[in-house]
Amino acid sequence: GAALGPFGKLPEGVTDADTGILRVPRIGLAVGGKNPLPADQTTCGIMADRAEKFFADEAKGPFFLRLSIDCPHMPFMPLPEFYGTVDRDKIDLPFPTEAEMASKPQREIRHIRRFYNFDRLTHEQLEYARGCFYDLSAELDAAIGRVLGSLKRHGFADNTIICLHTDHATT
C-alpha cells in the first residue's frame, strides 16, 4: 500500500481517495483522512484492548499501570465512525499570521513548518487536517472511556487514582 509517512502503509487495494487522505506537498506525509484499519489495529484500539486484558487477567491487588495512548498524533486519521463527528464550524482556532510565525523559535519554523511543509497547505486543507485531529481526539476519548469502564467492571474504580496528561499541553 501507499506510504503514510513514518507511521505505516495503507492496506493493499486502499487508495488515498478511498480514505479522504490529505498529504502535504513534497514529502507526502498523510495529515488527515479516514483510518482504513480495523479498530483493533489502531493506537487507541490496541492500547484500550491491552488495558482491558490487564484488568481481566493480571491486576490482582495494588498496581501501577501507565497506559500511553500516543494519540492524537499524525497522521490524523480517525476511524470511520469518528470521522466528521466534530462540528468543523465550532473549531475556532485562529491561523497564525506570517509575523507571528516569524516570531517563533527557529526549531519550530524549520522542523514543524518547513520540514513537514505545513506552510504549503491551503487554509482549507489546514482546516480539514484540524477537523481530522479533533475527530481523532473523539476516538481517543472513546478509548479512555473503554479503559475507565473496564476498570469499573473489574472492581478497581473505587480504589484507583487516575492521572491524565498530554505531551504537548493540548486540551
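Me: Before anything else, what are patches made of here?
Reply: Patches are made of residues with over 30% relative accessible area and no salt bridge, and nonpolar side chains are joined within 5 Å. Please note that this is a predicted model.

Me: Which residues form a nonpolar patch on the surface?
Reply: Leu148, Ile162 and Leu164 form such a patch. Together they have about 300 Å² of accessible area.

Me: Where is Leu164 placed?
Reply: Leu164 lies in the segment that comes after helix H5, which covers residues 123-153.

Me: And is Leu164 buried or exposed?
Reply: Leu164 counts as exposed, because its relative accessibility is 65% and the cut-off for exposed is over 50%.

Me: Switching to Pro62, where is that?
Reply: Pro62 is found in the loop between helix H2 (43-57) and helix H3 (98-102). Its relative accessibility is 90%, so Pro62 counts as exposed.

Me: How many residues apart in sequence are Pro62 and Phe156?
Reply: They are 94 residues apart in sequence, while their C-alpha atoms are 9.3 Å apart in space.

Me: What about Gly149 and Gly33?
Reply: For Gly149 and Gly33, the separation is 116 residues in sequence and 28 Å in space, C-alpha to C-alpha. Gly149 belongs to helix H5. Gly149 is partly exposed, because its relative accessible area is 23% and buried would require under 20%.

Me: Now helix H2. How many residues does it have?
Reply: H2 has 15 residues. From its first C-alpha to its last, H2 reaches 21 Å, close to the 21 Å expected at 1.5 Å a residue.

Me: Which residues of H2 are buried?
Reply: The buried residues of H2 are Cys44, Gly45, Met47, Ala48, Ala51, Glu52, Phe54 and Phe55.

Me: What covers them?
Reply: The cover over the buried residues of H2 includes H5.

Me: How many residues are in the largest nonpolar core, and which touch the most other members?
Reply: This core has 26 residues, and those touching the most other members are Val31, Cys44, Phe55, Ile69, Cys71, Met74 and Phe76. The elements that give two or more residues to the core are H2 and H5. H5 gives the most, with eight residues.

Me: Last one: what does Val31 touch?
Reply: Leaving aside residues up to four places away in sequence, Val31 touches Leu22, Val24, Met74, Phe76, Phe118, Leu121 and Ala129.

Terms used: Residues numbered from 1 in each chain as written. Predicted model: local features only at pLDDT ≥ 70, side-chain atom pairs only at ≥ 80, totals over all residues. Heavy atoms only, no water. Patch = residues over 30% accessible without salt bridge, like charges linked within 9 Å, V, L, I, M, F, W, Y side chains within 5 Å. Areas by Shrake-Rupley, 256 points an atom, 1.4 Å probe, with all protein chains shown as cover. Salt bridge = Lys/Arg side-chain N within 4 Å of Asp/Glu carboxyl O. Helix = DSSP H or I, 4+ residues; strand = E, 2+ residues; numbered from the N terminus. Buried < 20%, exposed > 50% of the residue type's maximum accessible area, 1.4 Å probe, protein only. Expected span 1.5 Å × (residues − 1). Contact = heavy atoms within 4.5 Å. Core = buried A, V, L, I, M, F, W, Y, C linked by side-chain atoms within 4.5 Å.
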